[in-house]
Amino acid sequence: MSLIRRFTHVSPLQEYLLERRDEGLIGFVPTMGALHDGHLSLVDRALEECDTVVISIFVNPKQFNNAQDLEKYPRTIEKDIELLGDREVVVFHPEFSDVYPDKAYEVKLDLGNIADVMEGKFRPGHFDGVVTVVSRLFDIVNPDMAYFGEKDYQQLAVIHRMVEVQERLVEVVPCPILREESGLAMSSRNMLLSYEDKTKASGIYRLLNEAIQRIDERSPKLLADELRAEFTSEGFDLEYIDITHPLTLETLHNEWVDGARIFIACYIGGVRLIDNIAVK
Ligand code: AMP
């Protein structure tokens with residue numbers, strides 16, 4: 001028998017969570033579904049640390065700046081439920097009108113540089129959409145802990161900032177990137193790749209991993225330039241490569257700092273992929 005409780009509407013979920021709150025911590029894992037082991041690693045961490053775990057599955061149109069990308073985004077709810085297996089979790093799978101009774105609902109915060117660079121630059125409005133949905137979902141679920149993957153490292157920085165600005169009591173827990181055996185970062189979008197493109201996509205991690213072995217002889221700027229040349233010569237349709245400070249996300253030029261990170265966004269077979277790696 002499945003131990004999963006499913007909710008579509010806000011009020012029944014909140015009534016249930018009101019009961020559960022007395023039992024202890026509520027953990028929250030927001031997702032857009034098409035679940036894979038990366039998502040499950042967040043869920044399992046939440047299950048270890050919390051008494052009740054809520055997973056939301058909602059493809060948020062407000063964070064897509066490209067209508068085609070939104071349309072193509074995989075939606076596999078019954079498979080998602082199957083994948084959760086015998087985990088005792090709460091799945092919140094709302095409709096648009098459950099999340100946004102007011103269609104125009106929007107949360108706008110001054111997030112500064114961290115939301116303007118990289119994803120913010122190439123996907124204008126993306127982080128406004130992320131902040132809007134996560135803010136609303138936090139209001140609905142009112143979690144003690146919320147789990148986010150470093151796969152979307154910039155998003156994690158944005159959420160940290162959002163929690164600080166909104167003075168929320170939720171603890172944001174960063175979780176490491178889960179990868180396929182080939183090194184490709186797990187992503188719901190990987191299922192849109194052909195077999196050949198998936199093989200090619202494993203080159204992302206290979207090149208990033210090779211790059212972090214060479215930092216002693218290169219400035220961040222030189223390494224970024226080299227990486228751009230390498231990705232381009234291997235036929236990647238590159239959107240950006242950036243090497244930044246881990247907290248401010250400001251581009252590093254001449255000097256390395258502890259925890260510096262390399263970020264990439266590229267298209268393979270029309271599918272947009274992102275990845276990042278910490279420089280040791
Ligand atoms: P998404 O469904 O893509 O919005 O992702 C939901 C959450 O899962 C986000 O916090 C992601 O960063 C996280 N996530 C997605 N892929 C991975 C991965 N490969 N490893 C770890 N976390 C991930």
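Helices (H or I, at least four residues) and strands (E, at least two) are DSSP runs, numbered from the N terminus. By that rule the protein has 11 helices and 9 strands. This is a predicted model, in which local features need pLDDT of at least 70 and side-chain atom pairs count only at pLDDT 80 or more, while totals for chains, interfaces and linings use all residues. Residues are numbered from 1 along each chain as its sequence is written, and side-chain values use heavy atoms, with hydrogens and water left out.

Overall dimensions
- The C-alpha atoms fill a box of roughly 60 × 40 × 35 Å along the principal axes.
- Of the 280 residues, 51% count as buried, meaning under 20% relative accessible area with a 1.4 Å probe and protein chains only; exposed is over 50%, and partly exposed lies in between.

Salt bridges
- The structure holds 21 salt bridges, each a side-chain nitrogen of Lys or Arg within 4 Å of a carboxyl oxygen of Asp or Glu.
- Glu119 pairs with Arg272, with the closest N and O atoms 2.9 Å apart; Glu119 is in helix α7 and Arg272 in strand β9, 153 residues apart.
- Glu119 is buried at 6% relative accessibility, and Arg272 is buried at 9%.
- Asp69, Glu119, Arg123, Arg189, Glu239 and Arg272 are linked in a salt-bridge network.
- Arg179 and Asp275 form a salt bridge at 2.9 Å, N to O; Arg179 lies in the loop between β6 and α10 and Asp275 in strand β9, so the pair ties together parts 96 residues apart in sequence.
- Asp275 is buried, with a relative accessible area of 4%.
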